[in-house]
Amino acid sequence: MVKTKNENVGQCQNLEGGTSRGKEKGKRVPSGVRIPEVRLPDRFISAKEAASFEKWTRNQRKIAPSHRVDLNDMQGMKAIPHLFELIGWIPLLIVNELYYVEMIYEFYANLHKGRVERVDNVRHQWVLTRIGGRDIAFDDRLLNHILEIPQDGIRFYTKDKKCFDPNLYSERRFEEIFTRGEVLKRHDDRNVNKLDTYERLLHHMISNIIVPNVGHKSSIIDMHSFVMLALHEYRRMNFWYMPIEHMIAT
């Protein structure tokens, strides 16, 4: 016998009373038992995070674009890839993954500080967020492990974007190396045009890949000058410590 459309729909809809096929197989749902409703996880932790997401989406908050370096195109500047290779940062230069602006907004809207963990007297700040209803927790150790870059090295971030330890960085030391001793008295003096071709390319890579910013890149900010000096002196740096501290501060 050919079943009609109504007969098929009736079998699907009558869950509480059981279908005729279910009765035959002994799978009848007992009377009064409610089938639990499948609830999708909330996209945002609270209404506050949802409001932040809507605001950023509405205003189209700027995000630093992704950049990738083709090391084969740097045959005339082999010293720069060599610097990054010595401190173990080559993976940062060749990351080539798609990213979605909406997911970045969602990531930052849900982001908040987690616990602080100390291992061998080294502070590790955990960060919590949520994407697509899934909770995510990470710290600098986990992100360094994912990108396969060194876990050790100096930590180069403070809220005022200057180094804690003056022994690791001095303005005068930077001027001696990169501006041929010219004293940079005013902020306007810190222009990339004062650098030679090699140093300008190094600054370009740092300001677009290592410590990207969405503002004007013609001026050398303190963070960029510190990374340039550390690279020049072959100092290992804990890369992911800096972005995590920046996430927390913003």
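Which residues of the largest nonpolar core touch the most other members? In this predicted model, local features need pLDDT of at least 70, side-chain atom pairs count only at pLDDT 80 or more, and totals for chains, interfaces and linings use all residues. Residues are numbered from 1 along each chain as its sequence is written, and side-chain values use heavy atoms, with hydrogens and water left out.

The largest nonpolar core holds 42 residues, and Phe 84, Trp 89, Ile 210, Val 227 and Leu 231 touch the most other members. A nonpolar core is here a set of buried Ala, Val, Leu, Ile, Met, Phe, Trp, Tyr and Cys residues joined through side-chain atoms within 4.5 Å. Buried means under 20% relative accessible area, exposed over 50%, and partly exposed in between (1.4 Å probe, protein chains only). At least two residues of this core come from each of α4 (79-86), α5, α8 (171-178), α9 (197-210), α10 (222-232) and α11 (241-249). Helices (H or I, at least four residues) are DSSP runs, numbered from the N terminus. The most is given by α10, with seven residues. For Phe 84, leaving aside its neighbours within four places in sequence, the residues in contact are Trp 89, Ile 90, Leu 93, Leu 202, Met 205, Ile 210 and Leu 231; contact means heavy atoms within 4.5 Å. A second, separate core has five residues, among them Phe 44, Phe 53, Trp 56 and Tyr 105.

Helix α10 is mostly covered, with nine of its eleven residues buried. The buried residues of α10 are Met 223, His 224, Ser 225, Phe 226, Val 227, Met 228, Leu 229, Ala 230 and Leu 231. They pack against α4, α8, α9 and α11. Just after α10, Tyr 234 takes a positive phi of about 55°.

Eight salt bridges are found in a search of the whole structure, a salt bridge being a side-chain nitrogen of Lys or Arg within 4 Å of a carboxyl oxygen of Asp or Glu. In the salt bridge between Arg 43 and Glu 102, the closest N and O atoms are 2.8 Å apart. Because Arg 43 lies in the loop between α2 (20-25) and α3 (47-59) and Glu 102 in helix α6, the pair ties together parts that are 59 residues apart in sequence. Arg 43 is partly exposed, at a relative accessible area of 31%, and Glu 102 is partly exposed at 46%.

Arg 236 and Asp 152 form a salt bridge whose closest N and O atoms are 3.7 Å apart. This pair also links distant parts of the chain, with Arg 236 in the loop between α10 and α11 and Asp 152 in the loop between α7 (140-147) and α8, 84 residues apart. Arg 236 is partly exposed, at 37% relative accessibility, as is Asp 152, at 43%. For Arg 130 and Asp 135, the closest N and O atoms of the salt bridge are 2.6 Å apart. Arg 130 is buried, with a relative accessible area of 15%, whereas Asp 135 is exposed at 54%. Arg 115, Glu 117, Asp 139 and Arg 141 are linked in a network of salt bridges.

On the surface, Leu 98, Tyr 100 and Met 103 form a nonpolar patch with about 380 Å² of accessible area together. Patches are made of residues with over 30% relative accessible area and no salt bridge; like charges are joined within 9 Å, and nonpolar side chains (Val, Leu, Ile, Met, Phe, Trp, Tyr) within 5 Å. Accessible areas come from the Shrake-Rupley method with a 1.4 Å probe, and for residues only the protein chains shown count as cover. Leu 98 is placed in the loop between α5 (90-93) and α6 (101-109) and is exposed, at 73% relative accessibility.
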